[in-house]
Amino acid sequence: MLVGLVLSGTLALSACSGNATGAADSSAGPGGKAAQGGTLQVLANAGFSHLDPARGFDGGVNNVYRLIYRTLTTQGAAPGAEGTKIVPDLATDTGQQSDGGKTWTFTLKDGLFFETGAPITSADVKWGVSRAWDPELGIGSPYAKQIIDAPATYQGPYKSGDLSTIQTPDAKTIVFHLKKPYADFGSVVAQNTFVPVPKGQGAGNQLDSKPIASGPYKLAEYKPGASLKLVRNDKWDKKTDSVRAANPDGFQWTFGLDPATIDERMIAGQGTDSDAIAGTVQAASIARIQTPQLKQRTMSGLSGCTTYMGLNTTKKPLNNLKVRQAIEYAVNKQTVRDAVGGSTLADIATSIQPPTVAGREDYDPYPSADHKGDIEKARALLTEAGYGGGFTLTLDSRTQPKMQAMSVAIQQALEPLKITVKINPIDTSTYYEVIGTPSQQKDAAITGWCPDWPSGATFLPPLFDGRLITPKGNSNLAQLNDPGVNAKIDEIAKLTDVNAANKAYGDLDKQIMALAPVVPLLYEKGLMLVGSNIAGAYLHDGFSGGIDLVSVGLADAGK
Amino acid sequence: MTATIGGTSTALVEEVGTPAPAGGPPTSTRRILTTITRDKGALACVLFLAIVVLMAVAAPLITKLSGWGPYQFDSAAINSDLGGVPHGALGGISGKHWFGVEPQNGRDIFARIVYGARVSITISLSATLLTGVLGVVLGMLAGFYRGWVDQVISRLMDFLMAFPALIFMIAILSSLPAGNRPVLLVVVISAFGWPYLARVIRGQTMTLANREFVEAARASGAKDVQVVFREILPNLRGSIIVMTTLAIPGYIGTEAGLSFLGVGVSPPTASWGQMISSSVSWYSVDPMFFAIPGAFLFLTVLSLTVLGDKIRSVVDQGAAA
């Protein structure tokens, strides 16, 4: 999925991993045991893109959806690799396959209810999934559409009616028929598109304004762009749910706060702010949170995403491999990292897949001293390609200080090669739409990608499969359509052993990097300061390293 | 910016109502100069402005001397582990970086101030020139011909002055394609700036057009063009000088303001407003990053305003004499 940049001010970035530098596991700090009750405050800059689970799709909302919705399976609720393990949620297990992995059957648990009191049946799950085919609603997770078989003309339950390839023999059983065998389908049904929606409901914007909860919390009040209040859903039975601790009685989001204001409030921690969590701190605040008291309230870890610069291989002269390789060598990743806040907020990226992805290999195909760029090598490659005299490159960038700073760092790094980088500022709200439309995207663009579950399957094929280039909503920014890469993707998809597939994706990473379609820039980190009364908090690998909302709570609920 | 000019304009119209010596004040320029050289405050302002203009004109030479270009990164000057704060006290002020460096990228603040002066001075002077021409021509047209010409121009001026200019500028600048930002800025600022000058010019032209010497010129067979350029324009000289001098600081402020709001010149071009804008989040960790561009902007605007005020009082005295 795309990096949750809309939410970068909230919870979208960062994750817990082995190299955590904070005191997350200190008993008195945010890692302590959470009590039942109380209202947890969340201070955020931007609001949520969508509350409709078929529509929203980034690390930030996925995390929030777990409070309101349940899916057939879900990710674990624990730090590290445990958090990305798929466990049953609505279903009793992670699926039974038959027909060589082409047919998957799930059985629902007993005692599942919507907030309305109506029981959750397999027909409701089917209704929810089939919404993904609706052209207006299905703009979120693409996996259901890509993997489950469906008539080419199917446009969702509101327009096309029943989907025959998903069967519900009884109220507890649901059977999916896939286009081709898919070994990891148990992970696919953890996607938001597998949220049950009462049959007949959820058309248009209904769920965006009033979600129908299946999880432990329901919406009490929502003022888009201002606040969101969740309260306990008393129809949710904890006995049916092994994942969600759901400690607080409610959650209160406040949106539209300036990131600097959030930092000030979190540092001061006055009043209800001691019960608050927030997104990654600003680079400017890092120097201020070095005191032992504040350090104890700080958590840090990789976000599990890669920030990269896509090079549009259809544009001249970027269609020349040597030119792209020259750019790979020339980019000074140190200055790019400083632009986002230095070593505390990012690690330098050398491969496409981030370290949290299984099977990833640590390697650097375009090395330079201290990652500061090898201008000599780059110049030699450019001269070889016939562009020794330089050229002009247009870089799409968002009108946001951090992105501008990164763009300027790239501009500066390419200047000695006489490559004039023109920064094309695009409004943040339309940025992904523009760069995802091949007819509108320019030569290069900085963006990020997070795996939907930590496997190369959700990282490399969506970004580099040449057959997935679409006229709109395209994620193959490089527009790379290489027969070798395509063939390798097909070959890996046939592997039934998930570990072997992950290792093969590690090799594919190298194969793609040799073609230099993207410049991996950073593995960004989250650095979060939580209130002094926060407990049970850890950074979840599966949600772009946000604080796992279903586990966090207050140390003293009565305060 | 607009409020100041609007406020002074009414006073000016009244002042000029008193008859000036026929043939215009021949020594006004010299008189202004002598008064300023005698006034310590005004002299200090002139000196500071001279420095700023010199910085703007000789920017490449100056940065060659200081050793750092405005876009050059210096990773060694910042602490990557602390979010990119400059090493050393006072935002990294040292012999190497005279005004310190910007956090997160280590660009030399001195070089960026020098190049930022270029942006400020070019944009404000161009905008002043454009508003000057527009304001004088349209103001004189309206005041001299009256009738429907006056109606059209006056309504246009009313419309522009009543318009929420800043909001419109932000909207138009953010919707326009990147293009040539400085030119766009000048055009947009001027489009909203000229009515303030034109209104004063119109009023003065109206009074002047009824005066004896104009009628005498007419009676002796002078054409409209001759009357306007030979008789009326020289008498407007004083107010044009005053109005434009007072407009420059306004335009500098507007440019900085628009850059601060993110719709001014596009990065990496150095601009004081942009520097102030990016320094906001660093105010508690690196106050010098805010203080230096802030001080330059403040002093430049103050100097121009003080100077403009001095010139006005000299011109007014001359007019009253």
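Q: Which residues touch the most other members of the largest nonpolar core?
A: In this predicted model, the largest nonpolar core holds 229 residues. Helix H5 (residues 109-145) of chain B gives the most to this core, with 15 residues. The members that touch the most others, however, belong to chain A: they are A:Ile277, A:Ala278 and A:Ile410.

Q: With which residues is A:Ala278 in contact, leaving aside its neighbours within four places in sequence?
A: A:Ala278 is among the core residues that touch the most other members. Strand S11 of chain A covers residues 276-278, and S11(A) pairs with S1(A) in the parallel sense over three bridges. Once the neighbours within four places are set aside, the contacts of A:Ala278 are A:Val42, A:Leu43, A:Ala44, A:Ile262, A:Met266, A:Met528 and A:Leu529.

Q: Which residue in S11(A) is the bridge partner of A:Val42?
A: Strand S1 of chain A spans residues 39-43, and four of its five residues are buried. S1(A) is joined by five parallel bridges to strand S10 (residues 250-254) of chain A, where the partner of A:Val42 is A:Trp253. In S11(A), the bridge partner of A:Val42 is A:Ile277.

Q: Is strand S15 of chain A largely enclosed or open, and how many of its seven residues are buried?
A: Strand S15 of chain A covers residues 392-398. It is largely enclosed by the rest of the structure, because the number of its seven residues that are buried is five.

Q: What is the handedness of the β-α-β crossover from S15(A) through H12(A) to S16(A)?
A: S15(A) and S16(A) pair in the parallel sense over seven bridges, and A:Arg398 has A:Ile426 as its bridge partner in S16(A). S15(A) is also joined by two bridges to the parallel strand S17 (residues 444-449) of chain A, where A:Leu395 stands opposite A:Ala444. The path from S15(A) through H12(A) to S16(A) forms a crossover that is right-handed.

Q: Which element gives the most to the side of chain A that touches chain B?
A: The contact takes 28 residues from chain A and 23 residues from chain B. On the side of chain A, the elements that give two or more residues are helix H10 (333-340), helix H12 (401-414) and strand S16 (420-426). By class, this side has 13 nonpolar, twelve polar and three charged residues. The element that gives the most, with seven residues, is H12(A).

Q: What is the radius of gyration of chain A?
A: Chain A has 16 helices and 20 strands. The globule rule gives 24 Å for its 559 residues, and the value for chain A is close to this, so the chain is as compact as a globular protein of that length. Buried residues make up 58% of the chain. The radius of gyration is 23 Å.

Q: Is B:Gln104 buried or exposed?
A: B:Gln104 is found in the loop between strand S2 (85-86) and H5 of chain B, and its phi is near 75°, a positive value in a residue other than glycine. A residue counts as buried if 20 or more other C-beta atoms lie within 10 Å of its own. B:Gln104 has 28 such atoms, and therefore it is buried.

Terms used:
Residues are numbered from 1 along each chain as its sequence is written. Chains are lettered from A and ligands numbered from 1 in the order in which they are written. This is a predicted model: local features need pLDDT of at least 70, side-chain atom pairs count only at pLDDT 80 or more; totals for chains, interfaces and linings use all residues. A residue is buried if 20 or more other C-beta atoms lie within 10 Å of its own, exposed if 12 or fewer, and partly exposed in between; C-beta atoms are placed from the backbone. Two strands pair if DSSP finds at least two bridges between them. Two residues are in contact if their C-beta atoms, placed from the backbone, lie within 7 Å. Ala, Val, Leu, Ile, Met, Phe, Trp, Tyr, Cys and Pro count as nonpolar, Asp, Glu, Lys and Arg as charged, and the others, Gly among them, as polar. The radius of gyration is taken over C-alpha atoms; the globule rule is 2.2 Å times the number of residues to the power 0.38. A crossover is right-handed if, with the strands pointing away from the viewer, the path from the first strand over the helix to the second runs clockwise. A nonpolar core is a set of buried Ala, Val, Leu, Ile, Met, Phe, Trp, Tyr and Cys residues joined through C-beta atoms within 7 Å.
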